[in-house]
Amino acid sequence: MQATRIRIGTRGSPLALAQAHEVQARLTAAHGLPEGAVTIHVIKTTGDRVLDRPLSEVGGKGLFTKEIEEALLSNEVDVGVHSMKDMQTVLPDGLIIGGVLPREDPRDAFISLRHADLSALPVNAIVGTSSLRRKAQVLNVRPDLRVVEFRGNVQTRLRKLEEGKAEATFLAVAGLKRLGMEDRITAPVSMDVMLPAVAQAAIGLEVREGDEATAALIAALNDPMTALAVTAERTFLARLEGSCRTPIAGHAVIADGTMVFRGQILTPDGQQVYDVSRTGAPEEASKLGLAAADEILAEADPALLIRSSA
Ligand SMILES: NCc1[nH]cc(CCC(=O)O)c1CC(=O)O
């Protein structure tokens, strides 16, 4: 019998490495594997290479995933570990999500060296973010604020804050927790103010379709509740992304056997928001996400949508 060997492909950022190590530890423990059976392979992605421009300008799909997916398809690695929020809604042919880890805290964190929360920021204060969603949501509740571009990994953005380039910034609570940097969070932001990005705080395990050996090992790590929530959210996003270039947010929770999905699109200036929600059985996850998106397509102000003439 051949000894089990699994090669994990990951980006090299501290957060990506923390996530890869978590998967390595879970796989090793779940199957009682010897040390060294699960190896980590760092792969540089376009998103890691281009640091001088806003990601929304770099464009293209799968900026943080493409090179890892290529390594999967060419059999250089067996499992791609990704933040699900960075994953395209349609995966390349031959690749599937084999499982998702239990979701961390999905909220965004408000981080400031001087101010307790968003409402405590002085009038006209500068906040830094590179996320079009966070920018629109923040301007919706605080139209006076000025938003400047903040790119780079978690550490870079915190350094910019310390250098005084902004009074506050926002980062996913999940990323900070996984980095052991929870103490940097000034206050979590309520989901009423900042609905998270689709799939925020979920880690996805991408594998080759038909690689049954790896699929069986990965299946032991899958969290079914997280998988259902992420399915609702990603179905919502997939239905909308061709029709609107405006910021999108979406989040599903399952409580007492019921799924509540909430979705949102905003104009980039935050002036207009369309909020939608659907409640139903968790098994109907994709139906809920789809119905929520269809309501937006049918009812939302045209300013929130772009439509081709066809
Ligand atoms: N695009 C960067 C990215 N991708 C996933 C996370 C956070 C962790 C997560 O959502 O699992 C981050 C950083 C951030 O938004 O603070």
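The model is predicted: local features need pLDDT of at least 70, side-chain atom pairs count only at pLDDT 80 or more, and totals for chains, interfaces and linings use all residues. Residue numbers start from 1 along each chain, as its sequence is written.

**Sheet with β1**
- Five strands form an open sheet in the order β2-β1-β3-β10-β4, with mixed pairing (strands are DSSP runs of E, at least two residues, numbered from the N terminus; two strands pair if DSSP finds at least two bridges between them).
- β2 (38-42) and β4 (95-100) are at the edges with a single partner strand each, so one side of each has no neighbour in the sheet.
- From one strand to the next, the twist averages 30° (axes are lines fitted to C-alpha atoms, for helices over the stretch in contact; angles run from 0 to 180 degrees between N-to-C directions).
- β3 (residues 79-83) and β10 (residues 203-208) run antiparallel, joined by four bridges.
- V81 has L205 of β10 as its bridge partner.

**Helices on this sheet**
- Helix α1 (residues 14-31) lies across β1 (6-10), β2, β3 and β10, at about 160° to β1 (helices are DSSP runs of H or I, at least four residues; residues are in contact if their C-beta atoms, placed from the backbone, lie within 7 Å).
- Helix α8 (residues 212-219) lies across β1, β3, β4 and β10, at about 25° to β4.

**Sheet with β6**
- Another open sheet of five strands has the order β7-β6-β8-β5-β9, with mixed pairing.
- Its edge strands, β7 (146-148) and β9 (187-188), each pair on one side only.
- Three bridges link β6 (residues 126-128) to β7, and the two run parallel.
- G128 is opposite V148 in β7.

Key
Two residues are in contact if their C-beta atoms, placed from the backbone, lie within 7 Å.
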